[in-house]
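Here is a short briefing on a two-chain model.

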Amino acid sequence: MIIKNKAYITDTALICCSGENEEQLFHNICIQNSFIKKDSNYFNNIPAAIAKISSNKSFFDNLLLKCEEILLHSNLKTFEDTLLIVGSSVGGIAITEDIYLKNGDYKKVDPNYHNIQTIQTILEKKFKFLDGVSFSTACTSSANALGYAHEVITKGIYKNVLVLGVDQLSQTTVGGFLSLGVLSSEPCKPFDTNRDGMNVSEAIACLLVQTEPKDNSIEICGVGYSSDAYHMTHPHPDGLGAKSAMEKAILQAEITPKNIDYINAHGTGTGANDSAEAKAIENLFGNIPYVTSTKSITGHTLGAAGALEAIICKQIINNQTIPTSTNLNDPENKNINLSTQNIPKEINYVVSNSFAFGGNNCSLVFGKIK
Amino acid sequence: MRINLEILDAAFIYGKDEIVELQTKELVPKMVTRRRLTRAAKIAIYLANAVNFKVGRIVYGSSFGEIPATASILKSIKNNENISPTDFQNSVYNTAASYLSMLYGNQNEIMTISSGDNTAQNLLKMGAIKALDGDEIFLIATETLNIPNIEEVNSCIDYLECGVTLKVKVTKMSPNTAINTDNNVIKIPNSLQELFFLAQQFDNKKKCIIEIKI
């Protein structure tokens, strides 16, 4: 592939349980301030630890506000010359749930406010975009959206891309993960021997990706995709798909595994994910790069996770600080370098992993601008 | 930007309520795998076989995703019942493409997009952009809307199960086929219209070149 332009993350906006901007979120990660709480309201009074946005505004009002925030801080006056790429696993399912559970039928369900396109439909009432497309690959949705932003910019097709990772808590997702037996009733413990599951969460994460950097921008250096072709919900036990995605991302970034200083792991806190991902990291990198999962602070924001964790990576590079792991007392895999404190160090390249149902894998390499 | 695509192969299928013959038993011999497949996955497997596709990059699209699994989950929630784990794992939009990848051991990049009525247009655009890398791209889209009481929200779609696929690659040849869905009399979901038109036009004895405007 001929690289016509480089892709830089120039502006971000976010809201999740742990913060309303990238600085606040990173601060909470570093001081281990988790807002994941036990909640029985989401599914048949069964307690599960979830991470909910605390706001007096509706979820979709926050979405519009966060896009306005991007416009305010960016060099754009409108989004008319910007491609919109949404990543979401559930779209408008919470809207459908409200109507169906209240009325007992579909009569008042609007198909335009049910599917993944819901997010774009809501945004287009307020903003005009050059074009738009939505990815829905479960928990890799917004990582794949960022990957596509990198592709269309490096191929010289667009100059401005707004990537949104958007997923709202719903009974479908909380009850669904409960049915799979992978939800913890406590804040999750990624990579710990005693981990007992994940925390479902919600977030809106917005990233403006452009051809020209500004102060504190980071570069999207490479993207790697793979499919496990193994099982709908279980990763390959040796992490073969995860390793392949990381290898491809590093290859596209034209660096080697030795250049990677830090890995923001998918690290959900489930038995299957963390052991497979740790094996993949061990096989590809040994114990050189530091590794953390920030989901013990943010929860698993599902389709928004790739975008949210890209913003965390931006803070890690800009602050030149590896964040500590939270709730890690006894690492299961002793052969990878899980951080146990905040570590100031030179950080040039980081990897962010996102893995999903269906064995869909996406790894992103971000770099400090030289 | 304009990208010309050659359509190398195409197939489509549709049914009023349910497509009757998808050859699933022959195409998926293992019962343990077959019984977990969604309707969309069965359609995807049928179409992949029709164009002899097994391994390569896939861009899959659906406006509404796995509606039967979603409807079953909603019904369980309404009745205060536990959600079926199979329904939940089969409710994600990338279910059909994932089962297809598992069947043939396809470890390549597999994308799933959902853009409402613009799904087919966006699938063609994304396929064209990805095809710039030089390989053949397998484009596939399905809708499976056959759930109890669908008439409460559907008054314009006659064919509740539909699927269409195109195998494409970039070409320097001039376009000879224009996309025109104005006279399409088959009432399939809007999300598949442009792809259906092209699949209907496809003739394997002639070159079929389209221009995609990005």
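A residue counts as buried if 20 or more other C-beta atoms lie within 10 Å of its own, with C-beta atoms placed from the backbone. By that rule, 63% of the 370 residues of chain A are buried. The model is predicted.

**Chain A**
- Chain A holds 10 helices and 15 strands.
- Along the principal axes, the C-alpha atoms of chain A fill a box of roughly 55 × 45 × 40 Å.
- Among contacts in chain A with a separation of 6 or more, 80% join residues 24 or more positions apart.

**Chain B**
- Chain B has 8 helices and 6 strands.
- Their order along the sequence is β-α-α-α-β-α-α-α-β-α-β-β-α-β.
- A compact globule of 214 residues would have a radius of gyration near 17 Å, and the 17 Å of chain B agrees with this.
- The box filled by the C-alpha atoms of chain B is roughly 60 × 40 × 30 Å along the principal axes.
- Buried residues make up 55% of the 214 in chain B.
- For contacts in chain B with a separation of 6 or more, the share from residues 24 or more positions apart is 78%.

**Contact between the chains**
- Chain A brings 46 residues to the contact, and chain B brings 43 residues.
- On the side of chain A that touches chain B, at least two residues each come from α3 (93-103), β5 (131-135), α5 (141-154), α6 (171-179), β8 (218-227) and α7 (240-252) of chain A.
- The element that gives the most to this side is α6(A), with 5 residues.
- By type, the residues on this side of chain A are 18 nonpolar, 23 polar and 5 charged.

**A helix pair in chain B**
- Two packed helices are described by the angle between their axes and the distance between the axes.
- Helix α7 (residues 119-131) of chain B and helix α8 (residues 193-201) of chain B have axes that come within 6 Å and cross at roughly 65°.
- Angles of 65 to 115 degrees count as roughly perpendicular, and α7(B) and α8(B) are therefore roughly perpendicular to each other.
- From α7(B), the residues B:A120, B:Q121, B:L123 and B:L124 meet B:Q193, B:E194 and B:L195 of α8(B).
- The residues of this contact of α7(B) with α8(B) are 4 nonpolar, 2 polar and 1 charged.

Terms used: Residues numbered from 1 in each chain as written. Chains lettered and ligands numbered in written order. Predicted model: local features only at pLDDT ≥ 70, side-chain atom pairs only at ≥ 80, totals over all residues. Contact = placed C-beta atoms within 7 Å. Helix = DSSP H or I, 4+ residues; strand = E, 2+ residues; numbered from the N terminus. Nonpolar A, V, L, I, M, F, W, Y, C, P; charged D, E, K, R; others polar. Rg over C-alpha atoms; globule rule 2.2 N^0.38 Å. Buried ≥ 20, exposed ≤ 12 C-beta atoms within 10 Å, placed from the backbone. Axes fitted to C-alpha atoms, helices over the stretch in contact; angles between N-to-C directions. Parallel < 35°, antiparallel > 145°, perpendicular 65-115°, else oblique.
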